[in-house]
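Colleague: I have some questions about how the labels on this model were assigned. Shall we go through them one by one?

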Amino acid sequence: MNEKLILKRKKILESLGGIPEPVIENKEWLYLLEEETRNSILIEGYFLDEEELEQVLAGNKPLSKSQEEAIKYFKTAKFIYGLAYENYKSKEFLFGIPLIRQINKELGFNGKFRKGKIKIAGAKFEPPENYIEDWLKIFIDYVYSINENFFNNLSISHAFFEEIHPFIDGNGRTGRIILNYILISNGYPLVIIKGADRNKQIYYKGLEEIDLQLSKLFTKYKNTLPDKEEVLAKLKEAKSKILKNLILEGLRESLDRLIISKHEEKGEELKPVSKLLQNLGYSPESTRQLIKRGKIIAVKIKNTWYSTENLVRMLLKGRSI
Ligand SMILES: Nc1ncnc2c1ncn2[C@@H]1O[C@H](COP(=O)(O)OP(=O)(O)OP(=O)(O)O)[C@@H](O)[C@H]1O
Ligand SMILES: [Mg+2]
């Protein structure tokens, strides 16, 4: 996914009033929050379907561990993204250790920084054994500096947080909520990192790609106070391909949802992209290619891509992306 296509989508969304407030009364946000919840806890192995989630969100008593985890995740994400939205609106960015600990606590963990050796399940990477708070302070400094080369640095920041692995448990979920907190604070919608098998593997590969670039540093400061300048310099050199692409793909989906819903609000009708483009003389194959390359703003509903006449025409007039 091409970064420019994401920036253009963001401009389009801004011309339509920007991201809406992340409240559950907004049906697109509700959908995004629900899907994020289901996917994020699936990475940890908790599965629940849409219906089950809707039932617990409607107030039914959770009947399984998956349902309990889902409700905690959903509530935490919703609240934290509300804060992020206020950052976006006020053009301020509030971020620090208290927020990070609170996310971990709201998710049902103890919010305390760990000490000593820890293993990340399924990973070779060895997180630091000491000075966790010092590592996190470097993480926070880095997050404050990611405006430049935004998507690369955002991806590096997520991997860096996971490599520090500051808590006993819930690091994945805490880190993914932080990732979206940063995105929303910058006027983007949340990104859903998919949790089903193959997708989870890609996510883990994306983290490993960054592990390889930073592991020397973590070995050097495994048990000693990390040198802030040295770590920041290494982070600035780090490159992300896989994770960055995953984030861009995810953002494309979320952005398109929001853009299309704004067009629907204006009274435009959703139609299958294949029909819309066929009327304009495009072959099924070129239609597929255009969708695949992110050249068309569209949402997938039950295996069919939909868009509106106006959005598609924007493309063809060369005015669009
Ligand atoms: N090679 C790796 N390098 C850095 N971080 C990794 C690597 N492999 C996995 N991780 C991160 O570790 C997380 C798991 O850590 P932990 O069990 O503390 O979090 P969790 O929230 O309980 O689990 P999950 O993230 O699976 O829901 C993964 O979600 C992922 O973000
Ligand atoms: Mg865990």
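**Pocket, metal site and helix**

Modeller: The model is predicted. Its largest pocket has a volume of about 760 Å³. Of its 31 lining residues, the closest to the centre are Tyr31, Glu35, Glu253, Arg257 and Lys300.

Colleague: What makes a residue part of that lining?

Modeller: A lining residue has an atom within 4 Å of a pocket point. Nine lining residues come from α11, the largest share. α2, α11 (242–265) and β2 (299–301) each supply at least two. Domain 1 (3–267) and domain 2 (269–321) each give at least three. By class, 13 are nonpolar, five polar and 13 charged.

Colleague: How do you know which residues coordinate the magnesium ion (ligand 2)?

Modeller: The cut-off for a donor is within 2.8 Å of the metal. Glu44 (OE) and Asp169 (OD) sit at 2.2 to 2.4 Å, so they count as donors. Glu44 lies in the loop between α2 (27–43) and α3 (50–57). Asp169 lies in the loop between α7 (150–164) and α8 (171–185), 125 residues apart from Glu44.

Colleague: Why is Glu44 called partly exposed?

Modeller: Buried means under 20% relative accessible area and exposed means over 50%. Glu44 has 40%, so it is partly exposed. Asp169, at 35%, is therefore partly exposed too.

Colleague: What span is expected for helix α4 (residues 65–90)?

Modeller: The expected span is 38 Å, at 1.5 Å a residue. Helix α4 has 26 residues and reaches 38 Å from its first C-alpha to its last, close to that value. Just after α4, Lys91 takes a positive phi of about 55°.

Definitions and conventions: Residues are numbered from 1 along each chain as its sequence is written. Chains are lettered from A and ligands numbered from 1 in the order in which they are written. This is a predicted model: local features need pLDDT of at least 70, side-chain atom pairs count only at pLDDT 80 or more; totals for chains, interfaces and linings use all residues. Side-chain values use heavy atoms; hydrogens and water are left out. Donors are N, O and S atoms within 2.8 Å of the metal (3.2 Å for Na, K and Ca); water is not among the atoms, so sites may look incomplete. Helices (H or I, at least four residues) and strands (E, at least two) are DSSP runs, numbered from the N terminus. Buried means under 20% relative accessible area, exposed over 50%, partly exposed in between (1.4 Å probe, protein chains only). The expected span of a helix is 1.5 Å times one less than its number of residues. On a 1 Å grid over the protein atoms alone, a cavity is a set of points where a 1.4 Å probe fits but cannot get out, and a pocket is an open set with protein on both sides within 12 Å along at least five of seven lines; lining residues have an atom within 4 Å of a point. Grid points are joined across faces, edges and corners, and a volume is the space filled by probe spheres set on the points. Ala, Val, Leu, Ile, Met, Phe, Trp, Tyr, Cys and Pro count as nonpolar, Asp, Glu, Lys and Arg as charged, and the others, Gly among them, as polar. Domain bounds come from an automatic or database domain assignment.
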